[in-house]
Amino acid sequence: MATIEETTKRGLCVSCGSCKAVCPTEAITYLFQDGIFVPSINKEKCINCSKCFEVCPGIEVNYTYLHKKYSDKIPSDFFKGNSIASYIVVTKNENILLNSSSGGFITSLIESLLAKKEYDSAFLLKYDDFDGLPAFLERVTDHKKVKEYSKSKYIPANIEKAIKYILTNRRNKVIMVLVPCHVHALLKLIEKEKLNRDNYFIIGLFCYKTLIIIFMNIIIKNMVVLIDLIIEIKRKRDGQEIQNYILMKKANLLVGMKECF
Ligand SMILES: Cc1cc2nc3c(=O)[nH]c(=O)nc-3n(C[C@H](O)[C@H](O)[C@H](O)COP(=O)(O)OP(=O)(O)OC[C@H]3O[C@@H](n4cnc5c(N)ncnc54)[C@H](O)[C@@H]3O)c2cc1C
Ligand code: SF4
Ligand code: SF4
C-alpha cells in the first residue's frame with residue numbers, strides 16, 4: 001500500500017500536514033528539513049492503511065474527477081478552472097483595509113459571517129515569527145478576533161488542526177482560507193471520509209507559488225553560473241512577514257526569485 005513516502009521521496013511535499021491529521025496510529029511526525037516541515041513515518045507504528053497517501057495533495061490529484069464533481073463543465077485549462085463571474089472588491093472598513101493584503105475582503109467577509117453565526121468557526125493563519133513549529137491555521141470563533149489574522153503570509157501553512165477539527169465535528173459549518181494545495185487535500189478528504197461539502201465555505205487564495213529554502217538550494221546547487229550575478233541574499237522583516245530575497249544583477253533574473261518564502 002502506498003504511503004506519503006511516495007510524495008516525500010519525490011520532493012513533492014508542500015508541508016500541508018493533512019497526512020498527519022488523518023493517520024490513525026499517530027505514526028507521522030514532522031522533520032524540519034531545508035526550511036520546511038516534512039512528514040516522516042515511524043515504521044513501527046505504521047499499519048500501511050494508505051490513509052495519508054489518499055489525502056495528500058502533493059501527488060495524484062484527479063483534476064478531471066474534481067471538476068466533474070464540483071463544476072458544470074470541464075475547463076479548457078485545469079489551472080484556470082471555470083470562472084462564473086469576477087468582481088473587484090474593497091472593504092468599507094478602513095481599519096481592516098489598511099491591515100489587509102489586498103482589499104480586506106476576506107477579513108471583512110469572515111468577520112460578518114461569524115458575527116451572524118452563520119458558521120461555527122474559521123480556520124485562519126496568524127504568523128508572527130518562526131517558533132520551531134509549523135505555521136498552523138488556527139480555529140477562530142470570535143468575529144472580533146478575525147482581523148488579527150489578516151494579511152497573506154507567504155509561507156507553507158499547515159492545515160492539520162483544521163482537518164482534525166472537521167473530522168471530529170462533522171456537522172459543524174466551518175470557513176477555511178486555503179491556498180490551492182490545501183483545497184486539493186480538503187476535497188480528497190471530503191471524498192474519502194464522505195463529509196458534507198456544503199458544510200465548508202472554502203475561500204481559495206490565488207497562489208503563484210510559495211518559494212521555500214529547497215528552491216533556493218536548487219538555484220544555488222544547479223545554477224552555479226549565476227552565483228557571480230547574486231548581489232545579496234537577504235532576510236527582511238516587513239510588518240509581520242519575514243521575506244527572503246535573492247537580488248540579482250540582471251533585472252530579468254529577478255523574475256521568480258525576488259520572492260519570499
Ligand atoms: C502563499 C500565498 C500566495 C499568494 N499568491 C498570490 C498570487 O500569486 N496572486 C494573487 O493575486 N494573490 C495571491 N495571494 C493572495 C493575496 O495575497 C491575498 O491574500 C488576497 O488577495 C486576499 O486579500 P485580502 O486583503 O482580501 O485578504 P486579508 O483580508 O488580508 O486576509 C488574508 C487571509 O489569508 C489567510 N492566510 C494568510 N496567509 C495564508 C497562508 N499562507 N495559507 C492560508 N491562508 C493564509 C489569513 O488567515 C487571512 O484570513 C497569495 C496568498 C498566499 C497566502
Ligand atoms: S499508511 Fe496509515 S498508519 Fe501508515 S503513516 Fe500512513 S496513515 Fe499512518
Ligand atoms: S499530505 Fe501534505 S504534508 Fe503530507 S506528504 Fe502530502 S503534501 Fe506533504
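Predicted model: local features only at pLDDT ≥ 70, side-chain atom pairs only at ≥ 80, totals over all residues.
Residues are numbered from 1 along each chain as its sequence is written, and chains are lettered from A and ligands numbered from 1 in the order in which they are written.

User: What makes Strand 5 and strand 7 edge strands of the sheet?

Analyst: Strands are DSSP runs of E of at least two residues, and helices are runs of H or I of at least four, both numbered from the N terminus. Two strands pair if DSSP finds at least two bridges between them. The open sheet is mixed and has 5 strands in the order 5-4-3-6-7. Strand 5 and strand 7 (200–204) each have a single partner strand, so one side of each lacks a neighbour in the sheet.

User: How do you know that strand 6 and strand 7 pair, and in which sense?

Analyst: They share 5 bridges, and the sense is parallel; the definition asks for at least two bridges. Within this region, Met 176 stands opposite Ile 202 in strand 7.

User: Which residues of helix 7 are called buried, and on what grounds?

Analyst: A residue is buried if 20 or more other C-beta atoms, placed from the backbone, lie within 10 Å of its own; it is exposed at 12 or fewer and partly exposed in between. In helix 7 (residues 160–168), Glu 160, Ala 162, Ile 163 and Ile 166 are buried. They lie on the same side of helix 7 because they span an arc of only 165° around the axis, taken from the directions from the helix axis to the C-beta atoms.

User: What covers the buried residues of helix 7?

Analyst: The cover includes helix 2, strand 3, strand 4 (135–140), strand 5 (157–158), strand 6 and helix 8 (180–193). Contact requires C-beta atoms, placed from the backbone, within 7 Å.

User: What residues make up the shell around ligand 3, and how are they classed?

Analyst: A residue is near a molecule if its C-beta atom, placed from the backbone, lies within 6 Å of it. For ligand 3 there are 14 such residues, and Cys 13, Cys 16, Cys 19, Cys 56 and Gly 58 are the closest. Helix 1 (5–8) and helix 2 (18–22) each give two or more residues to this shell. Ala, Val, Leu, Ile, Met, Phe, Trp, Tyr, Cys and Pro count as nonpolar, Asp, Glu, Lys and Arg as charged, and the others, Gly among them, as polar. The shell accordingly has 8 nonpolar, 6 polar and no charged residues.

Terms used. Contact = placed C-beta atoms within 7 Å.
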